[in-house]
Amino acid sequence: MTTAAPVPALEARGIVKTFPGVVANDHVDFDLRTGEIHALLGENGAGKSTLMNILAGLYRPDSGELRLDGRPIVFGSPREAIAAGLGMVHQHFTLVPSQTVTENVLLGLSKPRFWLRAGRSEEQIGRLSAKFGLRVDPRAKIWQLSVGEQQRVEILKLLYREARILIMDEPTAVLAPQEINELFRTLRSMTADGRSIVFISHKLGEVMAIADRITVMRRGVVTAAGIAVADTSRADLARRMVGREIIDVLERTPFQPGPVVLAVRDVTADNDRGLTALRGVSMDVRAGEIVGIAAVAGNGQNELAEVITALRPSRGSVTIGGTEVANRPVAIAIREGVAHVPEDRTGVGTSPNLSVADNLIMKRYHDAPIAHGWFVDDAAARGIAQGLKDEYDIAAPSIDTEARLLSGGNIQRLIFAREIDTGPRVMVAVHPTRGLDVGAIEAVHRVLLERRQAGTAILLISEDLDEILALADRVDVMYEGRIVGSFPVADADIGTIGLLMTGGTAADADPATPTDATATSAGR
Amino acid sequence: MNLRLEPRTDTPRWFPATATIGALVVAFILSGFIIWLVGGDPIRSFTHIMVAAFGSVGVISDTLVKATPLILTGLACSLAFRMHLWNIGAEGQFLLGAWGASAVVLVPILPAGTPAIVVIPVMMLAGAAAGGAWGFIPGILRARLGVSEIITTLMLNYVALFWIQYWVFGPWSEGGFQQTRPFPPEAWLPRLTDLAAAFPVLGGLTVHLGLIFGILAATIMWVALERTRWGYEIRLIGDSPSAARYAGIDIGRKIVVVFVISGALAGLGGMSEVGGVVHKLQDQISPGYGFTAIIIAYLARFGPFRVIVASILFGALILAGREIQPSGVPAMIQGIILFALIGSDVLIRYRIRFDRHLATA
């Protein structure tokens with residue numbers, strides 16, 4: 001970055017990529033300078049992932065040109081891209097759990113050709129991790145590592161392959177605030193070393209905190225090309241992302257808690273791998289109250305949601321208005337008014353190859369007016385489905401469209417429409433806004449607050465601490481299957497919560513030194 | 001050049017049907033090629049098959065007789081396959097159904113001389129019950145213990161075959177031959193030819209009541225699958241068991257029920273075969289109807305009425321193929337059809353892309 005007009009490390013010109021019926025990238029330009037962190041911001045479906053998959057060699061553009069250090073290049077596969085020094089850290093990691101960090105880093109490399117000299121490789125990996133602050137034991141097995149550590153292994157894989165350009169796809173989604181700070185330090189030390197980073201995100205605060213320049217995409221088109229962070233603002237970026245001003249601060253009515261509706265008492269449960277996931281959890285959620293669970297991924301919060309919705313066997317007791325629902329048929333929990341917005345929207349929350357209509361009647365097909373004895377009244381079902389589709393603004397060609405063809409935001413609208421339609425007493429919402437665009441997030445938040453107003457007891461599990469603090473009346477912090485702290489939201493301090501989430505104690509918290517994450521949190 | 005598969009995001013409605021017909025065409029071209037390779041004349045062979053299967057009212061009737069057990073076993077497979085239950089035990093359930101129906105006559109459960117109006121319904125019940133019981137075993141094992149139904153249903157086919165053999169070689173053997181004594185006429189399913197006295201034109205037509213069972217069963221199954229809560233649940237479980245569980249459906253119970261009904265349909269097929277065609281129990285009553293049913297279910301893409309069409313096609317193949325060669329050619333054509341169908345499935349789910357790029361790195 002010494003010359004006035006440096007050749008970009010990576011440059012994309014006029015990229016066009018169409019999928020059936022959608023122009024995912026419409027003449028997109030993008031350039032990445034050497035040694036910078038360039039954020040790519042956009043709603044889901046804006047075309048960020050398509051563009052990055054083209055850069056990383058997964059897709060080929062219909063037209064347009066890629067240049068690496070000024071030279072035109074065509075990648076036929078991710079392998080060719082990495083050989084040219086360009087690698088991507090995906091949201092879902094590609095590690096072998098039973099192997100060590102070193103083995104995972106070496107996996108797929110042609111050298112060492114035959115004889116693994118683990119010692120030497122370990123040493124190299126140790127040097128790399130020390131240099132960039134990627135704390136991880138090279139000899140640890142992947143399954144022993146936290147999600148944050150696994151992410152470090154993914155980065156190490158690329159560094160070991162001498163990647164000069166790293167594409168990070170929403171890297172902070174799975175991290176606790178402290179881990180985000182560490183990641184940011186790592187990213188900065190990598191750019192100081194002359195590497196260049198594309199940072200994909202839809203979190204405005206984060207992008208403002210880490211990026212040098214920002215490119216914003218909306219509906220396949222670039223709406224802001226490489227603007228410097230200093231020259232923009234959150235409001236400006238938000239407008240370019242969604243095409244209108246968004247309200248950052250949610251209107252909340254005063255907290256008027258009703259009686260306890262959901263009571264969890266001393267619940268223990270195992271996770272899918274048979275390991276203890278919940279170690280004696282007790283909690284209450286009152287009518288008209290939103291309780292947020294703050295926890296780093298994998299600390300039992302998902303298992304708790306499944307126990308409450310009767311999907312996972314457990315010991316202990318879960319009652320809805322006094323009726324036991326845990327360890328009984330799921331149908332009983334549904335009848336007692338438990339609505340569930342599951343984490344896995346396409347595998348659990350919807351049936352992908354069934355129509356929107358079939359998905360919308362999933363929880364009430366056995367009741368009148370849809371059911372007539374054994375028969376399903378098709379007209380009634382379609383009428384109800386059409387009504388919900390209109391009321392909740394589900395964007396789909398028709399109610400006969402297969403659910404898998406809907407965008408993430410619309411699938412979530414469908415799930416909320418169906419779950420709220422049952423008139424729930426309790427709603428368990430798991431990562432309800434993960435991966436959604438700003439407009440859809442706003443819709444979800446509005447719906448949750450409306451439900452609260454209507455007297456539903458809401459358990460909100462989210463990895464977005466800002467979201468919990470913005471919506472919840474009370475925050476319960478979970479760590480390793482226990483509730484390690486519970487605060488009314490007014491008393492909640494993001495530093496303390498962050499420490500508790502990562503295994504610290506409240507006494508460790510020093511309010512005098514707020515972390516970076518506090519500075520980037522949403523304006524409340 | 002590189003050949004790549006990309007998942008389809010939008011499959012037009014007409015596409016699966018076209019792909020199926022395309023697969024059939026490809027299968028016949030390939031079969032013709034093989035017939036030509038071994039020195040046969042493919043055009044003449046296929047023409048012969050057409051004439052032998054559909055050339056006259058008499059042979060059409062024979063084709064329908066062959067199609068009847070295929071319809072019932074094909075429906076049995078389609079129902080289970082819809083829920084992604086791989087019941088490949090229709091053969092065994094068919095045999096048990098034949099055995100159950102025979103028991104009514106041979107034990108005897110009903111005294112000799114009971115009128116047909118009583119004997120036939122009781123045989124139907126017994127056949128369906130025995131087939132259903134044979135389906136219940138893999139169903140309960142799968143639902144309660146998670147035992148793979150593919151293995152259990154396959155193995156139970158052999159158990160069923162030995163069970164039949166025990167009875168026809170042992171207790172029910174007629175004079176040491178591997179078959180039972182013929183059923184009395186009251187236990188025969190009515191045939192068209194039985195009406196020849198009143199309508200001479202029907203003389204010699206062996207189509208029997210079993211065909212009506214098949215058509216009725218297909219109709220009931222269609223209504224149940226498309227118009228009832230039960231059918232909705234089957235669709236939901238078939239597409240996404242985890243979504244079905246989330247919706248409060250007791251999947252284990254549905255697995256058992258579907259297996260019992262599937263077995264009962266195949267069992268009814270066995271009953272219709274002993275009651276309508278063979279009129280006795282022997283160890284060779286099925287030339288593999290229950291296995292052909294798997295291909296038929298796929299060809300019909302699990303649609304009840306399409307099962308009837310596919311069964312008639314295969315009935316024709318079995319009947320007319322026999323005139324060309326006792327076993328080789330017809331079995332080969334069936335096999336090629338299955339392969340072509342499985343291949344066409346790939347086309348339905350993926351689009352094929354030809355990449356013409358040169359590696360640069």
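Visitor: What should I know about the model and numbering?
Guide: It's a predicted model: local features need pLDDT of at least 70, side-chain atom pairs count only at pLDDT 80 or more, and totals for chains, interfaces and linings use all residues. Residues are numbered from 1 along each chain as its sequence is written, with chains lettered from A and ligands numbered from 1 in the order in which they are written.

Visitor: How many helices and strands does chain A have?
Guide: Chain A has 18 helices and 22 strands, taken as DSSP runs numbered from the N terminus (helices H or I, at least four residues; strands E, at least two).

Visitor: And how much of chain A is buried?
Guide: Of its 524 residues, 49% are buried (20 or more other C-beta atoms within 10 Å of a residue's own, C-beta atoms being placed from the backbone).

Visitor: How many residues does each chain put into the contact?
Guide: Chain A gives 34 residues and chain B gives 22; contact means C-beta atoms, placed from the backbone, within 7 Å. On chain A's side, helix 10 of chain A brings the largest share, three residues.

Visitor: New topic: at what angle do helix 5 and helix 6 of chain B pack?
Guide: About 155°, with their axes 10 Å apart (axes are lines fitted to C-alpha atoms over the stretch in contact; angles run from 0 to 180 degrees between N-to-C directions). Helix 5 of chain B and helix 6 of chain B are therefore roughly antiparallel (over 145 degrees).

Visitor: Which residues meet there?
Guide: Among them, B:W134 and B:I137 in helix 5 of chain B, and B:L156 and B:A160 in helix 6 of chain B.

Conventions:
Contact = placed C-beta atoms within 7 Å. Parallel < 35°, antiparallel > 145°, perpendicular 65-115°, else oblique. Buried ≥ 20, exposed ≤ 12 C-beta atoms within 10 Å, placed from the backbone.
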